[in-house]
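Here is a short report on one protein structure. Read it with the model open beside you.

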Amino acid sequence: MRPILSASSLGLGCAGVCGWIARILYEKQNSIDKNESKIKYNGTPGFPIFGTVSAATPILDTNKTIEYSGSVVNTKPNRISQIMKYGFPSLDNIRSLDDYVLAYDRRNRIAHWVFEHLTRDSVQRNDKVDRSKCEFTEDASIHEYFRSKNSDYKGSGFDRGHLAAAGNHRSCQKDCVQTFLLSNMAPQVGVGFNRDSWNRLEQYIRKLTKTYPNVYVCTGPLYLPRKENDGKLYVKYQVIGANHVAVPTHFFKVVVMETNDNKYHLEAYIMPNQVIDDKTPLNVFMVPPETVERASGLLFFDKLSRSNLVQINGKKTTYV
């Protein structure tokens, strides 16, 4: 039986991410004014304060009226441009679905990251969408050498855990079906994590669409180091099945909420892939966004104007 992770054992909101994460939480480049509950940024490496040269690619606004051969044509915004409005975390092995985008990790047989754009309408329950008709399916767009298969998960003791949650894509049956591609799955502890605390986080993010007109979510795996008895740090993780599908040690979500007046609130979470006491508050798992960036090797929301980023993890931001 796996040990249950309690709130008291998590400590300082790091979700049991070892001393390595704890140190990053208090690095000097981000000094937290505890008295005023404001986060001050001094522009050092980490979560980029200004636009940087990275994999993030500007997306042209296609929601315009254009003139073509003397005729006026109203163009609808491309769905992918909506989802990736604020840039790509990386540009390796991109796979675009109808309602989400992912970057695939061929070596580990799971995604590097999955990106979603949620609105009140997109998460609205549609009685015509039947999740029971969705089946876990190999992603034929991935070379067969690098795919995960259902047989890899069989008997492993792990769930096929969604990165882009099926509950986020209920506008039509096709969107829901596409979330069951195995390229959108990662091995997750079932009872106590995927079916409980991770699900609570997914539900919380869906509820944000009742407050914010646009919610952007990036989800992915992490492989974090752990100190062994010899005092050294090692990155160790299990693999399952004949295709050696990697079992992440942790998972992250970085969420940006857009307000009606074009301001932005950001929240970042890291959760360990293990049994968690379901009474543990979600804010225990909040971490500074640069913690996720350093651990994942990704840069998030690189095209978002930092002058409009007014809140991180519930605290007002100022720039120095």
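The count comes to two cavities of 30 Å³ or more. A cavity is a set of points, on a 1 Å grid over the protein atoms alone, where a 1.4 Å probe fits but cannot get out. Volume is the space filled by probe spheres set on the points. The second largest cavity holds about 30 Å³. Its lining residues (an atom within 4 Å of a point) are Tyr-104, Asp-139, Ile-142, Arg-147, Ser-148, Leu-182 and Ser-183.

This is a predicted model: local features need pLDDT of at least 70, side-chain atom pairs count only at pLDDT 80 or more, and totals for chains, interfaces and linings use all residues. Residues are numbered from 1 along each chain as its sequence is written, and side-chain values use heavy atoms, leaving out hydrogens and water.

Now the rings. Tyr-86 and Tyr-264 form one that is edge-to-face (planes over 60 degrees apart), with centres 5.5 Å apart and 80° between the planes. Tyr-86 lies in a loop and Tyr-264 in strand S16 (a DSSP run of E, at least two residues), so the pair ties together parts 178 residues apart in sequence.

| Charged residue | Ring | Distance to ring centre |
|---|---|---|
| Arg-160 | Phe-136 | 3.8 Å |
| Lys-236 | Tyr-234 | 5.3 Å |

Definitions and conventions: 1 Å grid on protein atoms, 1.4 Å probe; cavity = no way out; pocket = protein on both sides within 12 Å on 5 of 7 lines; lining within 4 Å. Phe/Tyr/Trp six-rings, centres within 6.5 Å; stacked < 30°, edge-to-face > 60°. Helix = DSSP H or I, 4+ residues; strand = E, 2+ residues; numbered from the N terminus. Lys NZ or Arg CZ within 6 Å of the ring centre and 35° of its normal.
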